Amino acid sequence: MTTSGIITLTTDFGESDPYVAMMKGVILSINPAARIVDITHQVPAGSIQKTGSIIKEAYKYFPAGTVHVGVVDPGVGGKRRPITVLTSNHFFIGPDNGLFSPIIETQGHTGIIHLKEKRYWMNKISSTFHGRDIFAPVAAHLSLGVNPFLLGEKIDNPIILVSPLPRKKNNDLVGEVIRVDHFGNLVTNITREHLSLFLKSKGLNIKIGSLILKKISTTYNDVPEGQPLALIGSSNLLEIAINMGRASNYLGREYGIGTKVIVRRHSAIIEL
Amino acid sequence: MTTSGIITLTTDFGESDPYVAMMKGVILSINPAARIVDITHQVPAGSIQKTGSIIKEAYKYFPAGTVHVGVVDPGVGGKRRPITVLTSNHFFIGPDNGLFSPIIETQGHTGIIHLKEKRYWMNKISSTFHGRDIFAPVAAHLSLGVNPFLLGEKIDNPIILVSPLPRKKNNDLVGEVIRVDHFGNLVTNITREHLSLFLKSKGLNIKIGSLILKKISTTYNDVPEGQPLALIGSSNLLEIAINMGRASNYLGREYGIGTKVIVRRHSAIIEL
Amino acid sequence: MTTSGIITLTTDFGESDPYVAMMKGVILSINPAARIVDITHQVPAGSIQKTGSIIKEAYKYFPAGTVHVGVVDPGVGGKRRPITVLTSNHFFIGPDNGLFSPIIETQGHTGIIHLKEKRYWMNKISSTFHGRDIFAPVAAHLSLGVNPFLLGEKIDNPIILVSPLPRKKNNDLVGEVIRVDHFGNLVTNITREHLSLFLKSKGLNIKIGSLILKKISTTYNDVPEGQPLALIGSSNLLEIAINMGRASNYLGREYGIGTKVIVRRHSAIIEL
């Protein structure tokens, strides 16, 4: 796999401390031509699965051969291994704590390497910041074209955190909210494929809390301002939204991560 | 117009979702050498006019031939057109919802193009994220030097949102706060030119809420710490500030967007 | 000193205004190949010492010849001088208000230059935004290899703000919290060196508020989840943290900048 020279960063570091910049300094010290792109540094502290799912959504828009670093690493300095996951066209670097499960689950992998070769690391390794001392320098070396199999030993038992999948229950498909975006849109774990496999006809009901939606809209303004709707969002996931409003605070109720979303076939319409 | 290879991004996406990074991935996939600069992603959701006015303030500090993408796009997927606005030395890309009015009002334009040529877009176009699927790839192509007139059809009826201008009323010039900056400074729509045209002498009173200021200061520390002042800020707009404090919360009162600011000539000094 | 072509930015501007982007536009207009890295723009408004200490922590991870711009500048437009501080391998640019004291205190300097040569500035200089009008263009010229001694006149009396150092008091080393990071970790001014000089044996007590810690841990998960610990953090500073929690709000108490931290030798263990 040829490198694109691009490195993306996703962490729970926030933007007020110098931590992210330290990683960038380390990368540019090794590969002065690296192009670094922040995905986000605002993942809630310690949210391993959310980080993986954000990287999974974003990485495919980058050129093949891009290196993606994910650092949400509450076990730093302990026994968890530092790893690189290879897929057919991208590199992923971070702690072996389940972070890359969403990638491995959906894309498979062509090799997972336990990072062991210290000559690709910083000279001094702190016990609290492997993002700077291990992951950033390894990312820089990969972006320069270093053979990933030189970075350590192949392993086949990475930690996997199973993502909650929607399940069938009688006439219903029961999913849940997995992300509330900046606009208050409720992104669920129900994909376009789940929906089309589940639905025989086009008719359906979607229920979240006390709210029932009777169709899948195409755009936010398919309904009047302030009204709720369901649509397949830009990541191919079922999304509950309010035109010009925040679904996460609709009608004085709070909806968030874990809130159940039920899709019912037309033949068994839910009525309140 | 020669391209600078630079692309700026201004959106209401925030920084916690992967949306901005997706746009950057798309851009770098088409133009790996593009230099991408964030202006801000913290425009309040749906604030079309504010976005245009921020781009208007910032764009002129970039080299000629820079591409500026603005995405505050509540009408995405509906009938609003995707457009490119050309001025004598910069490119602007975004939805035709009035966003670029401040540019067109003050700079004019040398052509507005309704983006229609799908070969410059992503292969799949979602109905909810044209920032990623249309604007980002078009920006990348423009940054590579594609002739903008190949991107679609010229139009002459863009949506224009009229910015509130200060108005004369008897002896007063009545303007308003158009932006509260990070420091709590109240930036008004009264320019240095408005002031100098309006004022015959140098004497004046500036009134906001119950506060009266009797001169235009040069720097924030022309007054003691904690005291209010008026000055012409770095964008040539009249600004109300507190030395080492926040004018937006002065003396227990809240001042914000839309708050009236009255300038009165010396011959008719306001006294409380 | 050869330039790395990299420029870092640290300010109190936040990310919602176009101010940072204006600086980047100015830099790229002068040096289109400059690599710009944000350290942070979220320093609390006017926090001069905090800015210097953040730059001090981060700069050493960048290649030699990097230009570091710091703009926390409440005295802008007044008598304070614009300066460049040279060390043996980095350049620092900003206001002469004490901002670079932490660098000068720990690294010394090889020259401090009062910026006076207006041909390296913007054509028009506002009285409120020297970050854009003086520091950004000077940084761009330095990144192009301009001899720093051409930028103005050497001075030897920069403003120095003395950082609070831990002090010995009987059997105690008394330091204080100087930074609360994004994770709520309390970073103190007690370095690894202070500790090792102070401690004869390995036994010690660390006291903060009503909390007493009896050892220096290596990683956050050396203690059970929710439990407090002390460790030497990734910047070689003593840090008080909670495994998977926020030390800044431990047990309903608030700890923050200025909170005293007392290290006592083993021979005089503190017991509550």
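**Reading the contact and the sheet**

Author: Between chain B and chain A the count is one salt bridge, meaning a side-chain nitrogen of Lys or Arg within 4 Å of a carboxyl oxygen of Asp or Glu. Before going on, note that this is a predicted model, where local features need pLDDT of at least 70, side-chain atom pairs count only at pLDDT 80 or more, and totals for chains, interfaces and linings use all residues. Residues are numbered from 1 along each chain as its sequence is written, chains are lettered from A and ligands numbered from 1 in the order in which they are written, and side-chain values use heavy atoms, with hydrogens and water left out.

Reader: Which side chains meet in that salt bridge?

Author: They are those of B:Asp17 and A:Arg179, at 2.8 Å from N to O. Helix 1 (residues 19–30) of chain B gives the most to the side that touches chain A, with eight residues.

Reader: How is the size of an interface given?

Author: Often as the accessible area lost when the parts come together. Here, the area buried between chain B and chain A is about 2,400 Å² (1.4 Å probe, summed over both), and carbon and sulfur atoms give 57% of that area. Chain B puts 31 residues into the contact and chain A 28 residues, where contact means heavy atoms within 4.5 Å.

Reader: And how do strands of a sheet pair?

Author: Through backbone hydrogen bonds, either parallel or antiparallel. Chain A has an open sheet of seven strands in the order 2-1-3-5-4-6-7, with mixed pairing. Strands are DSSP runs of E of at least two residues, helices are runs of H or I of at least four, and both are numbered from the N terminus; two strands pair if DSSP finds at least two bridges between them.

Reader: Which are the edge strands?

Author: Strand 2 (35–40) and strand 7 (152–155) of chain A, each pairing on one side only. Elsewhere in the sheet, strand 3 (residues 66–71) and strand 5 (residues 90–95) of chain A run parallel and are joined by four bridges; A:Thr66 has A:His90 of strand 5 as its bridge partner.

Reader: How is chain A related to chain C?

Author: Chain A can be laid on chain C by a turn of 120° and a shift of 0.0 Å along the axis, with an RMSD of 0.0 Å, using least squares on the C-alpha atoms of residues with pLDDT of at least 70 in both. That is the relation of a three-fold axis. In chain A, the C-alpha nearest the axis belongs to A:Arg35, 5.3 Å from it.

How values were computed. Buried area is the accessible area (1.4 Å probe) that two parts lose on being put together, summed over both.
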